[in-house]
Amino acid sequence: MLVTLIIVCEVGFWVLLTGGLALRYLAKKPRLGAAVLLCEPLLELVLFVATALDLRAGAEPDWKHGLAALYLGYTAAYGHWTVKWLDGHAAYRLGDGSKPAGAGYGKARAVHEWKLVARSVLAAAVAIALLQAAIWYVGGSGDTAPLRAWQFTALRVTGIHALIAATYTVWPKRAPAKAGIQG
């Protein structure tokens, strides 16, 4: 049931996001669109409560609970940023907004990548905290090894993301060469 709920929350996130942006820019109802976008955190609340109730009902902690914690950490760190990023692009494509700036090249791109790593650190911190709370919640009555394994998974993913950002620092992405002037 928990895996299904995680999938429903992810699909619901994109449905609410698409619906909210469509209301804002296609239907020209910005307030209603904003109200729809503000409903997205309710999905995470439902997942959090369902995970806690599942553990309270005596479910053995396993990979599903770990995945739920990582999902909640990711949406806490990246959810608002994703909505803002897509809103800027929707305003440009569907409304009268200006073209959003890209990640850039060279040092600007490296800084952008390190800012994303900071978000990944936040996501991992939230997930690890939720997993630790679940470990304490379950206590000695269950095997908490799967939850501890997910804590290390969160750290590994963050480490990999930091390595990727480091490559942009060591080997900066260069701007494409300009095409020659055609006469």
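Colleague: Is Thr51 buried or exposed?

Modeller: Thr51 is buried, with a relative accessible area of 10%. Buried stands for under 20% relative accessible area, exposed for over 50%, and partly exposed for what lies in between, with a 1.4 Å probe and protein chains only. Please note that this is a predicted model: local features need pLDDT of at least 70, side-chain atom pairs count only at pLDDT 80 or more, and totals for chains, interfaces and linings use all residues. Residues are numbered from 1 along each chain as its sequence is written, and side-chain values use heavy atoms, with hydrogens and water left out.

Colleague: Where is the place of Thr51, then? And what does Thr51 touch?

Modeller: Thr51 is placed in helix α3, which covers residues 40-56. Helices are DSSP runs (H or I, at least four residues), as are strands (E, at least two), and they are numbered from the N terminus. If residues up to four places away in sequence are not counted, Thr51 touches Leu2, His65 and Ala68. A contact is a pair of heavy atoms within 4.5 Å.

Colleague: What about Glu40: buried or exposed?

Modeller: Glu40 counts as buried, at 4% relative accessibility, and is found in helix α3. Phe13, Leu16, Leu17 and Val83 are the residues that Glu40 touches, again not counting those up to four places away in sequence.

Colleague: And how many Å apart are Glu40 and Val121 in space?

Modeller: They are 22 Å apart, C-alpha to C-alpha, and 81 residues apart in sequence.

Colleague: What does Phe13 touch?

Modeller: Beyond residues up to four places away in sequence, Phe13 touches Glu40, Leu43, Tyr71, Gly79, Thr82 and Val83.

Colleague: A word on the cysteines. How many disulfides does a search of the whole structure find?

Modeller: The search finds 0 disulfides, a disulfide being a pair of cysteine sulfur atoms within 2.5 Å. Cys9 is in none, and the nearest cysteine sulfur, that of Cys39, is 13 Å away. Cys9 counts as buried, at 2% relative accessibility. Cys39 is partly exposed, with a relative accessible area of 33%.

Colleague: How many salt bridges does the structure hold?

Modeller: The structure holds 3 salt bridges, each being a side-chain nitrogen of Lys or Arg within 4 Å of a carboxyl oxygen of Asp or Glu. Asp87 forms one with Arg24, where the closest N and O atoms are 3.7 Å apart. Asp87 lies in helix α4 and Arg24 in helix α1, so this pair ties together parts that are 63 residues apart in sequence. Asp87 counts as buried at 17% relative accessibility, whereas Arg24 counts as partly exposed at 25%.

Colleague: And which salt bridge does Arg109 form?

Modeller: Arg109 forms a salt bridge with Glu113, and their closest N and O atoms are 2.9 Å apart. Both lie in helix α5, 4 residues apart, about one turn of the helix. Arg109 is buried, with a relative accessible area of 15%, and Glu113 is buried, with 8%. Neighbours within four places in sequence aside, Glu113 is in contact with His161, Ala165 and Tyr168. A salt bridge also joins the side chains of Lys64 and Asp62 (3.2 Å, N to O).

Colleague: Lastly, which residues form a nonpolar patch on the surface?

Modeller: Leu42, Leu45, Phe48, Val49 and Leu53 form it, with about 460 Å² of accessible area together. Areas come from the Shrake-Rupley method with a 1.4 Å probe, and for residues only the protein chains shown count as cover. Patches are made of residues with over 30% relative accessible area and no salt bridge; like charges are joined within 9 Å, and nonpolar side chains (Val, Leu, Ile, Met, Phe, Trp, Tyr) within 5 Å. Val49 is partly exposed, with a relative accessible area of 38%.
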